[in-house]
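My notes follow in the order in which I looked things up.

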Amino acid sequence: MVETGHFALVLSFALALVQTLVPLFGARTGNPRMMAVGGPVAVTGFALTAFSFAALATAYASSDFSVASVWENSHSLQPLIYKITGTWGNHEGSMLLWVLILTFFGALVAVFGGNLPATLRANVLAVQGAIGATFFLFILTTSNPFARLNPAPIEGRDLNPILQDLGLAVHPPLLYLGYVGFSICFSFSVAALIEGRIDASWARWVRPWTLVAWMFLTGGIAMGSYWAYYELGWGGFWFWDPVENASFMPWLAGTALLHSAIVMEKRSALKIWTLLLAILTFSLSLLGTFLVRSGVLTSVHAFATDPTRGVFILCILTLFIGGSLALFALRSSRLTAGGLFHPISREGALVLNNLFLTTATATVLVGTLYPLALEAVTGDKISVGAPFFDLTFGPLMLPLLAIVPFGPLLAWKRGDVFAAAQRLMAAFALALAAVLVTALFVDGASVFAALGVGLAVWLVCGALTDLAVKSGAGSVAPAIMLRRFAGLPRSVFGTALAHLGLGLTLLGIVGTLSFGAEKILSMRAGETIELSGHTLRFEGLYPAQGPNYSEDRGRFALLGADGSTISEITSAKRFYPVRQMTTTESGIKTIGFSQLYLSLGDEATDGSVVVRLWWKPLVTLIWGGGLVMMAGAAMSLMDRRLRVGAPSRRRKPTGAVPSAGLP
Amino acid sequence: MTRFSLASLVLLLSLLFAGGAFAVKPDEVLPDPALEARARALSEGLRCMVCQNQSIDESDADLARDLRVLVRQRLVAGDTDQQVMDYIVSRYGEFVLLKPRFNLRNGLLWGTPILLLLAGGFFIVLTARSRRSTATAALTPEEQAALDKILRRD
């Protein structure tokens, strides 16, 4: 099975080469039979990659320690779920998952791309194949997941204990679907540049793919943030770590792309810019791959001592980013600029959105790369941490968030700010009330906290205002309004939900950072601790045995006003003997949208235990907002104009069909 | 991407495994709450030098503990926040600061957001202007004269 998997991987590489060269040549020479090769090859390539991945997963599930990667990252005593998720919990396996998803998206284009112009489809599949081919080559030459060991060891070295968590089952696949999903937008852009024109079908296709990728990336980042929150044991949800930034940059650029693609689809403007953004977004994904895989983040010297993988990815990076940007420079002048619009208009608002989002992306990029560049050039070492991003990224986001509610209320071409402001009066009043209530009635609220809460309320109410205005609130009878509300295009709900989710996330961040409380102390069994109106009693430490670890569980009783136990919170210190590693399992109790977060420390010789307790108000909204944003993207995808299917295509186009004109 | 988060989790934690679970220990906490609050605020801006992108406030490494104790000692001795920071930087170098200093060497770092925002805004305004002027290009004098002539004829 393992050798067959390896062979399938080699075959996939060969097929990716075919998928690149034949359709590309066919499109150049106008040979329809050669162009048609792309589709079936892409589907077969996906099937072979899936088989190869299944072979590796089987090796992991059956603890086949003759495979080097299984030996390094698995153990026979691990629960089955972690044996399987361990498949992608390491460098080799995660690269295989990366190409699996890449070929999956390629196959999707092949299957659903029947209504694309033949040359565009051929070129898209060719570019997708080229990305695949380089990464297959990377895996086969530098990171072979199927490498064998002889003699086979009797026992594995265990998966890193931090990764032995359900988060590993959900977070990586979601994140990859988002990350790699942007490759489709990239392929479409490069294909358009190769052809030298952007037509209506290009515009119609790029937006749904952006939505899909953005939806998964949002989910992946939110999930990763929650995972780090409960797994790392000190309750932080975002660290501005270079590794996190690597996934955040494509998200920011992708968000900008999502918005500029609207302008392109509806108004046929900003075409060149959208194309460039699509290229940049995927380039940032590739850059992230380089940053993490090359080891350059840990230190420039680590990169210099074992540069094989790093240099290979750097070559891929140069080839695709350099190549696509060069192509852009050569060809973009051929593309015609689209429709005109007044600065005060929906288009204008979206341009402003793009200005702030791209600047924010660049800020994160510079903050991440500057220390590396400085060390490489001058040898000086500096650190760029959270305080830098708070000072730069924060101020960039504030004006952007403040103008968000205006965007959807402005008309295309020429909008009226005063009319929009008038409609937003209620939202503004509520936001102002929130600021005042927070400032006056919440203890310890700073000016920033009050303004933050106000901004969050402004976003949420602004999103609701948009829905109310579009259903005709105030001008028609409630019954008609209800009917109009139900009849609104799904994309309108999508916009409102996404903006509402953004507001919720902001509320969660402000709530946690501004109104949270923390206590650190040594406790003995029977002692109680009180924090923000919640009383906990330490019941004691109880040893327990897991499948591949032993742990000390600290049990705490949450006490009610009358002193009775309402519920129990358990935090544990786990010891994994194989890797000789200790992890902390935090104890979390969700109360409303807030959480009590408890983390156990060292046990002293006198039997007392160090306990750290946090009260995190509204913290679940941070990730809940992310889920709402995902729901918004899903809603937009269900919009009638994007639903794929033969019957709906035959139907006569009704109003909502975009009319992105030919250049 | 996953690998990023995986790597981040692993890197962030790999240095914590030696012993306990978290940073500030009860025996480090200063009796004066105001002084302790200042110590915590300063700690959040100082890097744990043996960790991956962690402040000494979050880190469990021995070196981080030494630095936390040092910060508190200086505060108790009566130093201002700035003096504490300067003292730590003089001993450990600028690498220890999570917020890089505003100086010429870091100019590009701090300047990028503002420069880019201004350049972008300028570019947008310029494009909008030129678009509008091409859209409603004024008549040349000859055209105006011709038009006047036609209008006068009526």
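**Conventions.** I am working with a predicted model, in which local features need pLDDT of at least 70 and side-chain atom pairs count only at pLDDT 80 or more, while totals for chains, interfaces and linings use all residues. Residues are numbered from 1 along each chain as its sequence is written, and chains are lettered from A and ligands numbered from 1 in the order in which they are written.

**Chain A as a whole.** I looked up the secondary structure and found 22 helices and 9 strands in chain A; helices (H or I, at least four residues) and strands (E, at least two) are DSSP runs, numbered from the N terminus. The radius of gyration of chain A is 27 Å, close to the 26 Å that the globule rule gives for 663 residues, so chain A is as compact as a globular protein of that length. That radius is taken over C-alpha atoms, and the rule is 2.2 Å times the number of residues to the power 0.38. I also noted that the C-alpha trace of chain A spans about 80 × 75 × 55 Å along its principal axes.

**Domains.** I read the domain assignment of chain A, which gives domain 1 (424–515 + 623–628) and domain 2 (517–616); such bounds come from an automatic or database assignment. Taken over C-alpha atoms, the centres of the two domains are separated by 36 Å.

**Strands.** Next I followed strand β3 (residues 534–545) of chain A, which runs antiparallel to strand β4 (residues 550–559) of chain A and is joined to it by 10 bridges; two strands pair if DSSP finds at least two bridges between them. A hairpin through 4 residues joins β3(A) to β4(A). Strand β4(A) is also joined by 10 bridges to strand β5 (residues 565–576) of chain A, again antiparallel. I traced one row across these strands: A:Phe538 has A:Phe556 in β4(A) as its bridge partner, and A:Phe556 has A:Ile569 in β5(A). The hairpin of β4(A) and β5(A) has 5 residues between the strands, and there A:Gly563 takes a positive phi near 90 degrees.
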